[in-house]
Amino acid sequence: MRIENKIAIVTGASSGIGKEFSKKLVSKGAIVFGLARRLNKLKLIQEEIGNKFIPVEMDITIPDEIEKWVNSTFSEDYLPHILINNAGLGYFGNVDELSVNDWNTMINTNLNGVFYLTRKIVPLMKINSDHCHIFNIASVAGLLGNPQISGYNATKFGLRGFSEALFKELRFDNIKVTTMFPGSIATEFFNTADGSGTHPNMLQAKDVADTLIHILETPNNFLINEITLRPLNPKNPDTK
Ligand SMILES: NC(=O)c1ccc[n+]([C@@H]2O[C@H](COP(=O)([O-])OP(=O)(O)OC[C@H]3O[C@@H](n4cnc5c(N)ncnc54)[C@H](OP(=O)(O)O)[C@@H]3O)[C@@H](O)[C@H]2O)c1
């Protein structure tokens, strides 16, 4: 895909990799609708990168709000080309310590929210005469179960299944579906997940965004449907 003048939607655009995806897409000439709950953060990004970044205050766990926004933003004359389902969070801890509320928040954000938005965008992509591309940001936690992340694992394994089905369902409509499985990335994610913070050997958001751009720019009939990204050496350099 040639990214210039394409219309993109990025969820979780207020921080971390969603912010970097948005910056890289705008620098390539795309128009980016950045969705997140923290409008103040989105507005700061717009101040930094300009009006091709459009802040949208949205909680993706509310299907009616998504439906209203999609219906009032897009039409047959204004169709999206790129959807990046990135918003997500984790609550880590042993299963007997994981609250029902935290479990439900993870399922509602990482899985249900992806469905709520995707089901409204796919019909618009189907009538778009250009090729379109959906990215689902999973995690290595979508490939490997591990102690203390059972709930997060469940959402990301679920997202992998959803994504693989979509890839096979939409390929003949000229819609690519790519699932990304990154290892640890230095973002705010770890403030919520376990309060452990970040370290320099984690993946850097800008490098993850460069990979996304590379995948988007592949030729139309060339699909990278799954990609795993890892730090070569994942150890915190400050620990012996
Ligand atoms: N960091 C990692 O190590 C890592 C590794 C693999 C995969 N991932 C995945 O990468 C994605 C992005 O995470 P990140 O690392 O960039 O973390 P982050 O900096 O914490 O960003 C998470 C984003 O999700 C948004 N969000 C959360 N709940 C939302 C909701 N209900 N509605 C709308 N937006 C919501 C947040 O915005 P608001 O708070 O403003 O709503 C924020 O912009 C997630 O899906 C995560 O699971 C992260």
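A residue counts as buried if 20 or more other C-beta atoms, placed from the backbone, lie within 10 Å of its own, as exposed if there are 12 or fewer, and as partly exposed in between. Keep that scale at hand for the tour. The model is a predicted one, in which local features need pLDDT of at least 70 and side-chain atom pairs count only at pLDDT 80 or more, while totals for chains, interfaces and linings use all residues. Residue numbers start from 1 along each chain as its sequence is written.

**Stop 1: the whole chain**

Show the protein as a cartoon. You will find 7 helices and 7 strands, both taken as DSSP runs numbered from the N terminus (helices: H or I, at least four residues; strands: E, at least two). Trace the chain from the N terminus and the elements come in the order β-α-β-α-β-α-β-α-β-α-β-α-α-β. The C-alpha trace spans about 55 × 35 × 35 Å along its principal axes. Of the 240 residues, 37% count as buried.

**Stop 2: the sheet**

Now select the strands. All 7 strands form an open sheet in the order β3-β2-β1-β4-β5-β6-β7, with parallel pairing; two strands pair if DSSP finds at least two bridges between them. At the edges sit β3 (53–57) and β7 (226–229), each of which pairs on one side only. Neighbouring strands are turned by 15 degrees against each other on average, direction ignored.

**Stop 3: β4 and its partners**

Zoom in on β4 (residues 82–85), which is joined to β1 (residues 7–11) by 3 bridges, the two strands running parallel. Pick valine 10 and look for its bridge partner in β4, isoleucine 84. With β5, strand β4 pairs in the parallel sense over 4 bridges, and here asparagine 85 stands opposite asparagine 136.

**Stop 4**

Next, select α7 (residues 205–216). This helix lies across β4, β5 (132–137), β6 (175–182) and β7, and runs at about 160 degrees to β7. Such angles run from 0 to 180 degrees between N-to-C directions, and the axes are lines fitted to C-alpha atoms, for helices over the stretch in contact; contact means C-beta atoms, placed from the backbone, within 7 Å.

Move on to phenylalanine 115 in helix α4 (residues 100–126). Is phenylalanine 115 buried, exposed or partly exposed? Phenylalanine 115 counts as partly exposed because there are 16 C-beta neighbours inside 10 Å.

**Stop 5: around the ligand**

Finish at the ligand. 30 residues surround it, the closest being Gly12, Gly16, Arg37, Arg38 and Gly88; a residue belongs here if its C-beta atom, placed from the backbone, lies within 6 Å. The elements giving two or more residues to this shell are α1 (16–27) and β2 (31–36). The largest share, 3 residues, comes from α1.

Key:
Two residues are in contact if their C-beta atoms, placed from the backbone, lie within 7 Å.
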